[in-house]
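This briefing is meant to be read alongside the sequence and the three-dimensional view. Please keep both at hand while going through the points that follow.

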Amino acid sequence: MSRTALVMYLGAMLAHAGDQLHQLGQRPHPATLDQRFLAWARDAIRPAVT
């Protein structure tokens, strides 16, 4: 799986999780979901600064 496809998939899972949490009456801060689902993947994609 390409990194782009992975980030797209994780974005879809973030939206799905947000919908489910909303149905349960919970409203997590968007940054919290972003950190859990996407931030680590974006950091892995960025080249290391030397």
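Leu6 is found in helix H1, in what is a predicted model.

- When neighbours within four places in sequence are left aside, Leu6 is in contact with Met1 and Trp40.
- Between Leu6 and Leu38 the C-alpha to C-alpha distance is 9.5 Å, although 32 residues separate them in sequence.

**The nonpolar core**

- Six residues form the largest nonpolar core, namely Leu10, Ala17, Leu33, Phe37, Leu38 and Ala41.
- At least two residues of this core are supplied by each of helix H1 (3–23) and helix H2 (30–45), and H2 provides the largest share, with four residues.
- In soluble globular proteins, nonpolar side chains tend to be buried together.
- Which residues does Phe37 touch, not counting residues up to four places away in sequence? Phe37 touches Leu10, Met13, Leu14 and Ala17 on that basis, and of these Leu10 and Ala17 also belong to the largest nonpolar core.

**The chain as a whole**

- The chain contains two helices and zero strands.
- Of the 50 residues in the chain, 14% are buried.
- The accessible surface of the chain amounts to about 4,200 Å², and carbon and sulfur atoms account for 60% of that surface.

Conventions. Residues are numbered from 1 along each chain as its sequence is written. This is a predicted model: local features need pLDDT of at least 70, side-chain atom pairs count only at pLDDT 80 or more; totals for chains, interfaces and linings use all residues. Side-chain values use heavy atoms; hydrogens and water are left out. A nonpolar core is a set of buried Ala, Val, Leu, Ile, Met, Phe, Trp, Tyr and Cys residues joined through side-chain atoms within 4.5 Å. Buried means under 20% relative accessible area, exposed over 50%, partly exposed in between (1.4 Å probe, protein chains only). Contact means heavy atoms within 4.5 Å. Accessible areas come from the Shrake-Rupley method with a 1.4 Å probe; for residues, only the protein chains shown count as cover.
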